[in-house]
Amino acid sequence: QVQLVESGGGLVQAGGSLRLSCAASGRTESNYAMGWFRQAPGKEREFVSAVSWTGRSTNYADSVKGRFTISRDDAKNTVYLQMNSLKPEDTAVYYCAASIYSYRVYATTTNYKYWGQGTQVTVSS
């Protein structure tokens, strides 16, 4: 059992930055790969980024590549999403998720077993 809690969302102007955090607790010794997804009103939950448990492999959606950076601090059991150059279309509820894999960084929701409650990110223009 893994519990995930996101934080760091908020309101920011276009071009600004936010850093999201996801604190994990429970059976983190299972060494899950971690991902970030987002969901805007009326839309499907979409992939943003993922990182293997070692941090060696990462994956990014084309829409955020070059602007967002995923990382993790295993000593703190925390995964981060640094979001720079934010655009209004980045507005969504952001969720962190723990994968069923340790090393694979898939982009589909079906590969993730545990989910946080989400944190709202709103980008104004």
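## Accessibility and model basis

Buried means under 20% relative accessible area, exposed means over 50%, and partly exposed lies in between, with a 1.4 Å probe and protein chains only. By this definition Glu46 counts as partly exposed because its relative accessibility is 36%.

The structure is a predicted model, in which local features need pLDDT of at least 70 and side-chain atom pairs count only at pLDDT 80 or more, while totals for chains, interfaces and linings use all residues. Residues are numbered from 1 along each chain as its sequence is written, and side-chain values use heavy atoms, with hydrogens and water left out.

## Sheet architecture

Four strands form an open sheet in the order S1-S3-S8-S7, and their pairing is antiparallel. Its edges are strand S1 (2-7) and strand S7 (68-73), each of which pairs on one side only. From one strand to the next, the twist averages 15 degrees; axes are lines fitted to C-alpha atoms, for helices over the stretch in contact, and angles run from 0 to 180 degrees between N-to-C directions. Strands are DSSP runs of E with at least two residues, numbered from the N terminus, and two strands pair if DSSP finds at least two bridges between them. In general, strands of a sheet pair through backbone hydrogen bonds, either parallel or antiparallel.

## Strand pairings

S1 and strand S3 (residues 18-26) run antiparallel and are joined by 6 bridges. Within this pairing, Glu6 has Cys22 of S3 as its bridge partner. S3 is also joined to S8 by 6 bridges, again in antiparallel fashion, and here Cys22 has Val79 of S8 as its bridge partner.

Between S7 and S8, which run antiparallel, there are 6 bridges, and Thr69 stands opposite Gln82 in S8. These two strands form a hairpin with 4 residues between them, and Asn77 in the turn has a positive phi of about 50 degrees. S8 is mostly covered, with 5 of its 6 residues buried.

Ser21 lies in strand S3 and counts as buried because its relative accessibility is 19%. Contact is defined by heavy atoms within 4.5 Å. When neighbours within four places in sequence are left aside, Ser21 is in contact with Val5, Glu6, Ser7, Trp36, Thr78, Val79 and Tyr80.

## Salt bridges

A salt bridge is a side-chain nitrogen of Lys or Arg within 4 Å of a carboxyl oxygen of Asp or Glu. The whole structure contains 4 salt bridges. In one of them, the side chains of Asp90 and Arg38 meet at 2.8 Å, N to O. This pair links distant parts of the chain, 52 residues apart: Asp90 is in the loop between strand S8 (78-83) and strand S9 (92-99), whereas Arg38 is in strand S4 (residues 34-39). Both Asp90 and Arg38 are buried; Arg38 counts as such because its relative accessibility is 4%.

Arg38 also meets Glu46 in a salt bridge, at 2.8 Å from N to O. Lys65 and Asp62 form a salt bridge at 3.6 Å, N to O, and both of these residues are exposed. Through shared partners, salt bridges join Arg38, Glu46, Arg67 and Asp90 into one network.
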